[in-house]
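Take a walk through the packing of this chain.

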Amino acid sequence: MGTNIKMVLRWLLLSILMMIFWIVGLLIGNVLFPSSLMEMEVDSSASTELMLFVASALNAGVIMLLIYNSRLKGWRLVGNIFLISFGIQYFMSQIETLWFNDSLQLPVNGISAIVVGGAIMCFLFSVAVTWISGKFKGTSESTKDKVVIGPMLKKIILLAVLVWPLIYFMFGYLVAWQFDEVRLLYSGTTEMETFLSIMKANLVSGLYFFQIFRGGLWIMIGLLVLAMTRGSVIRRGILLGLLFTVLGSSGLLLPNPIMSDMVRMGHLLETATSDFLWGFVIAAVLGPYITKEAPKI
């Protein structure tokens, strides 16, 4: 019972720290890259502050799961947590923002402020969560490199070229695209086109090939998680799915001046489901090639 209480208290403390670091990071980012973004932010309210805490608590909780399933300690653990959290929460989302910015109309300085602020937040939290979790002490578990390169490389290509685009576009069409507001934002009309016609447009515009690139980046993040964690393939698959879902989607809980509430909810339903499936698929397919004798990171 005492251990459970300590874990809950750590989680609450880390949730508060993440919320503080989140705000501090955005403020510093906006100082370094002044833009109209802060002026465009929605008015602060009790509900917005509550959702910021909820998002922070979800993020803190899933990163704690990563830490307690990791065989790494010290600064190696800090570095990996930073790469994973920043990669999922900011880098992967903002490169997609740049692609769709003709529709979103977000100031480039604003995107820079978000990325820099996110890097500051992720670094500060990576240090804090490692320290508070007691993972600075000791050394990482010694492991022997063991990766079957050939078969895994073929599966990586298959995942990036076919599986991820299929998941991305299917969930985008069957979930997010069912919202009138989403179609209006990205296409300028609420007309519902067929999936086939949309896929033809995605090939012509290059979006399909851009998603192949993103799929490769997702896989690199997934391999980093799989290599640093212990447990069965299913356990690591659930963990990876939760990391992709929570870190990748929690920001959509917060009101923002770029997306209406219905657009945010459409994307939240889309990403929360597709990202979990994608993370689990990566672990299920590539996990067997990264055994408990995983490569050092």
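Y173 has a relative accessible area of 15%. Buried means under 20%, so Y173 is buried. That value comes from a predicted model. F195 stands at 26% relative accessibility, so F195 counts as partly exposed.

By the ring-centre rule, there are 14 aromatic pairs. Start with F100 and Y186. Their ring centres lie 5.5 Å apart and their planes meet at 70°, so the pair is edge-to-face. F100 sits in the loop between helix 4 (74-99) and helix 5 (101-104), while Y186 belongs to helix 8 (residues 180-187). The pair therefore ties together parts that are 86 residues apart in sequence. Y186 itself is partly exposed, at a relative accessible area of 21%.

Now return to Y173 and F195. These two form an aromatic pair, again edge-to-face, with 5.4 Å centre to centre and 65° between the planes. Y173 lies in helix 7 (residues 149-174) and F195 in helix 9 (residues 195-205). They are 22 residues apart, and the pair links distant parts of the chain.

Rings also gather in a group. W164, Y168, F169, Y208, F209, W218, F244 and W278 form one aromatic cluster.

W278 leads on to the core. The largest nonpolar core has 80 residues, and I219, W278 and L286 touch the most other members. Helix 10 (residues 207-228) gives the most to this core, with 13 residues.

What does I219 touch, leaving out residues up to four places away in sequence? Its contacts are I156, L159, A160, W278, I282 and L286.

How values were computed. Residues are numbered from 1 along each chain as its sequence is written. This is a predicted model: local features need pLDDT of at least 70, side-chain atom pairs count only at pLDDT 80 or more; totals for chains, interfaces and linings use all residues. Side-chain values use heavy atoms; hydrogens and water are left out. A nonpolar core is a set of buried Ala, Val, Leu, Ile, Met, Phe, Trp, Tyr and Cys residues joined through side-chain atoms within 4.5 Å. Buried means under 20% relative accessible area, exposed over 50%, partly exposed in between (1.4 Å probe, protein chains only). Helices (H or I, at least four residues) and strands (E, at least two) are DSSP runs, numbered from the N terminus. Contact means heavy atoms within 4.5 Å. Rings of Phe, Tyr and Trp (its six-membered ring) pair if their centres lie within 6.5 Å; planes under 30 degrees apart count as stacked, over 60 as edge-to-face and the rest as tilted.
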